[in-house]
Amino acid sequence: MRTAEKLIIIGIDGLEPSLALERWSADLPNIRGLARRGLSGRVTSTTPPLNPASWSCLTSGKDPGALGIYGVRCRRDWSYEELDAPTNLDIRQPRLWNHLSRAGKETLLVGVPQTFPVLRAPLGAVVACSAAPSVEAPYTYPEELAEEVAKLVGEYRLDVELAAAHSADEICSQAGEITRQRFAVARHLMRTRSWDVSCVVDIGLDRLGRHIGVPADVAPAADDVTLHDHYVLIDEQIGEMLEGVDLERTAVMVVSVYGARHVTRRFCVNQWLLEQGFLKLRSTPARPQPLMLADVDWQHTQAWCEGGYHGQLFVNMAGREPRGQIPADHLDGFVEELCARLMEIPSPESGEGAHRADTPSRLYEAANGVPPDLLLQMDGLRWYCDGRVGQEGWLLESDREVAASGPGSDGVLVLACPGVRPGRRETSLYDVLPTVLELLGVPVPRWVAWSVVAERCTGGINGVGQGGMVSR
């Protein structure tokens, strides 16, 4: 079933539904207008919500375990040192543009996560994501497109350069430049190339929110003005992008794969493991430093953690890790003990912590790659899992140099489409791929409709396909 001739996907990392659809909606006429024309509401993200995995889940229909991506950095093998950021090389599943190319449809991709290095380029054009080390790398397809981008926007900014940003104003300036450039490039490609699907993903808002924070409550603060202005900037860019677009023939989707959550505290998880006796150091660092730079006594260490907005907790298992300590037949019991201890940690504010610790095998349809033994989310993602050692304690106040805000478990989805009945609809990130394919008349692979979406869609969504979210 085809309901649209073309589709525009506008991805905004960190777009918070309580702000975009509620608190600041009156100041965002373009997002509000699209919402009134079609479906809008919260979209449940992945567990945990994180970039880059969440975008790859959206575009592939597979969960993080099936993709083998469990964090911003992932283990490459069972050694202690080999962790790095996943790239396009790590995604083995077909994604949206692969399905579209097979159907003969042309796709424009600007800033979509997990598109560097450019592999299996779609019919169309690619300006890759922030994983590119610099604009000197081949970050576009075709490669000569890089010259076109440079003539259009000058030096193309791949990401915020924190080393050059010594103040919130500098971060704000860089974030604004990223947003303007992404949309300018997307508009240029839409004007100069043929296309069936145009997808741009902006990271400016996400970077800004992480370093200045998001509103903790309804009381306005000075930082709210800066964040509010960036929301207005995004809305203006959306409006410019849609100028001249025939909305009677073109579907428009605005989506964030996660929202934004105010970070209240830092849970220094490796410090906690030290205090509990699960982790041993030969010497105490004089100042906070990453665990892998510390002198870890692996012969007497039972568990350690890779930090971030969520924690990847690993057990030092005998026969698996080089200097493993926990026997394989004791692994399950040891993991359960860790879970119990973590769940008992109280919140200073409420006395109870909304903590969640679970194994990848229980969370996902598969646990590919080198999975952690536990995935940890503390106090509903309000605590940042700080993996450094040498801290002054294991539960500290939030630190803007580390994280002022983080990803929220719900993002935003607005879909204005010809023939679609308007209304509010809460759905799942996994519903996006089959819905997009159905809207464009591209066959939906059976495994997408049944093995992921049908199991994970929220609350009896019906309409397009087995897991789609459009009710006509």
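The dialogue below works through salt bridges, cysteines, a helix, cavities and a pocket in a predicted model.

Trainee: How many salt bridges does the structure hold?

Mentor: The general idea comes first. Side chains of opposite charge can pair when their charged atoms come close. In this predicted model, the structure holds 27 salt bridges.

Trainee: Which side chain meets that of Asp84 in a salt bridge?

Mentor: The partner of Asp84 is Arg76, with an N to O distance of 2.5 Å. Asp84 has a relative accessibility of 31% and therefore counts as partly exposed. Arg76, at 36%, is likewise placed in the partly exposed class.

Trainee: Is Arg157 buried or exposed?

Mentor: Arg157 is buried, its relative accessible area being 17%. The side chain of Arg157 forms a salt bridge with that of Glu161, at 3.7 Å from N to O. Glu161 has a relative accessibility of 44% and is classed as partly exposed.

Trainee: Which parts does the pair of Asp386 and Arg266 tie together?

Mentor: The side chains of these two residues meet in a salt bridge of 2.9 Å, N to O. Asp386 belongs to strand β16 (residues 383-386) and Arg266 to strand β11 (residues 265-268), so the pair links parts that lie 120 residues apart in sequence. Asp386 is buried, with a relative accessible area of 3%. Arg266 is buried as well, with a value of 8%.

Trainee: I turn to the cysteines. How many disulfides does a search of the whole structure find?

Mentor: A disulfide requires two cysteine sulfur atoms within 2.5 Å of each other. The search of the whole structure finds 0 disulfides.

Trainee: Why is Cys57 too far from the closest cysteine sulfur for a bond?

Mentor: The closest cysteine sulfur to that of Cys57 belongs to Cys74 and is 11 Å away, which is too far for a bond. Cys57 itself is buried, with a relative accessibility of 0%. Cys417 is also in no disulfide, as its nearest cysteine sulfur, in Cys199, lies 16 Å away. Cys417 is buried, at a relative accessible area of 6%.

Trainee: Next, the reading of a helix. How many residues of helix α13 are buried?

Mentor: An α-helix has 3.6 residues a turn, so residues three or four places apart point the same way. In the present case, helix α13 covers residues 432-439 and is mostly covered, with 8 of its 8 residues buried. These buried residues are Val432, Leu433, Pro434, Thr435, Val436, Leu437, Glu438 and Leu439.

Trainee: Which residue takes a positive phi just after α13?

Mentor: Gly441 does, with a phi of about 75°.

Trainee: Which element supplies the largest share of the lining of the largest cavity?

Mentor: Helix α8 supplies the largest share, with 4 residues. The elements that each give at least two residues to this lining are α8 (204-212), α9 (222-241), β10 (259-262) and β18 (405-408). By class, the lining of the largest cavity has 7 nonpolar, 5 polar and 2 charged residues.

Trainee: Which residues line the second largest cavity?

Mentor: The lining consists of Asn88, Trp97, Leu109, Thr115, Val118, Leu119, Arg120, Pro122 and Val126. The second largest cavity holds about 50 Å³ of space, and its lining divides into 6 nonpolar, 2 polar and 1 charged.

Trainee: Finally, how much space lies in the second largest pocket?

Mentor: A pocket, unlike a cavity, is an open set of points. The second largest pocket holds about 320 Å³. Among its 21 lining residues, Thr44, Ser45, Thr46, Thr47 and Arg356 are the closest to its centre. The lining of this pocket comprises 7 nonpolar, 9 polar and 5 charged residues.

Technical notes:
Residues numbered from 1 in each chain as written. Predicted model: local features only at pLDDT ≥ 70, side-chain atom pairs only at ≥ 80, totals over all residues. Heavy atoms only, no water. 1 Å grid on protein atoms, 1.4 Å probe; cavity = no way out; pocket = protein on both sides within 12 Å on 5 of 7 lines; lining within 4 Å. Points joined across faces, edges and corners; volume = space filled by probe spheres on them. Nonpolar A, V, L, I, M, F, W, Y, C, P; charged D, E, K, R; others polar. Buried < 20%, exposed > 50% of the residue type's maximum accessible area, 1.4 Å probe, protein only. Salt bridge = Lys/Arg side-chain N within 4 Å of Asp/Glu carboxyl O.
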